[in-house]
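Here is a short note to read beside the model.

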Amino acid sequence: MAESEAETPSTPGEFESKYFEFHGVRLPPFCRGKMEEIANFPVRPSDVWIVTYPKSGTSLLQEVVYLVSQGADPDEIGLMNIDEQLPVLEYPQPGLDIIKELTSPRLIKSHLPYRFLPSDLHNGESKVIYMARNPKDLVVSYYQFHRSLRTMSYRGTFQEFCRRFMNDKLGYGSWFEHVQEFWEHRMDSNVLFLKYEDMHRDLVTMVEQLARFLGVSCDKAQLEALSEHCHQLVDQCCNAEALPVGRGRVGLWKDIFTVSMNEKFDLVYKQKMGKCGLAFDFYL
Ligand SMILES: Nc1ncnc2c1ncn2[C@@H]1O[C@H](COP(=O)(O)O)[C@@H](OP(=O)(O)O)[C@H]1O
Ligand SMILES: CCc1ccc(OS(=O)(=O)O)cc1
């Protein structure tokens, strides 16, 4: 989705006008007119859905899920266009009609909040993997993404962007509601709730969890090989020489947040996350 730098700056008004409100949630323009069709989208028992708030490590998770479920080689994954294999439900391309016709088993991604997903998913019709990322690294990542996206051409400061995030005024709505809604469904038999930081902290346990959830049977040696392959995928991004140092690492927010911004953020975090019991690693 990332596009090149915009030539014309986007004023706050222009930026606002790019979104639309759906049941009180700010959604990107490409979701307009298809929310009802999405609610009625036919889900299959063999589907695997990957759901995240944007910039939660969706690409990495899709590679790991693909590897665990299909047993593919990590080098092969690097060469193929994996995004083509795992469409995003609400994106204009390939679109709902094409996704409906894909052969089983389908792997489908979405950034939509739980309540806007196909109602079949609420009825436990297929497996849903949700991944959450600590909101400080996420907001930095989402800001960088908005700066590089021509259609959004965001030219505000990080401070202003962070304020929008804390006030739930970004595309796909409130991060706080997004994660808490899924957290409330973490015990549903068709839901697996994961955290991005755990991919960096304890990938082996995550691979085990994924294999169990997806019904992939493997012995200890196979599990070790799978985990080793998944490590390669994490390294390909976070230690890639071509990328800015430390992309995707946990705790990079510390270089961007000011002390006062951090204090304000912690206050909002405490207010909005309340006593939900969901905790994140902000450093590793
Ligand atoms: N193997 C991988 N491939 C792509 N992105 C990865 C990755 N490992 C970690 N990431 C990180 O995941 C974030 C993007 O999330 P998403 O895939 O949901 O858009 C980026 O964070 P940063 O912007 O903090 O570097 C990116 O660096
Ligand atoms: C701000 C609009 C937008 C567009 C696309 C997104 O998804 S992704 O991060 O490229 O997967 C998120 C937000």
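1. The second largest pocket has a volume of about 220 Å³. A pocket here is an open set of points on a 1 Å grid over the protein atoms alone, where a 1.4 Å probe fits, with protein on both sides within 12 Å along at least five of seven lines. Volume is the space filled by probe spheres set on the points.

2. The lining of this pocket includes Tyr66, Gln70, Leu86 and Arg106; lining residues have an atom within 4 Å of a point. Helix 3 (58-70) and helix 5 (82-85) each supply at least two lining residues. Helices are DSSP runs of H or I, at least four residues, and strands are E runs of at least two.

3. The model is predicted: local features need pLDDT of at least 70, side-chain atom pairs need 80 or more, and totals for chains, interfaces and linings use all residues. Residues count from 1 along each chain as written, chains are lettered from A and ligands numbered from 1 in written order, and side-chain values use heavy atoms, without hydrogens or water.

4. Lysine 109 sits in strand 4 (residues 107-110). Why is lysine 109 called buried? Because its relative accessible area is 7%, and buried means under 20% (1.4 Å probe, protein chains only). A polar atom of its side chain lies 3.3 Å from the backbone oxygen of leucine 86.

5. Helix 10 (residues 175-184) is mostly covered, with eight of its 10 residues buried. Among them are Trp175, Phe176 and Trp183. At the N-terminal end, serine 174 caps helix 10.

Conventions. Buried means under 20% relative accessible area, exposed over 50%, partly exposed in between (1.4 Å probe, protein chains only). A polar contact is a pair of N or O atoms within 3.5 Å; within protein, one must be able to donate a hydrogen and the other to accept it, and residues adjacent in sequence count only if both atoms are side-chain atoms.
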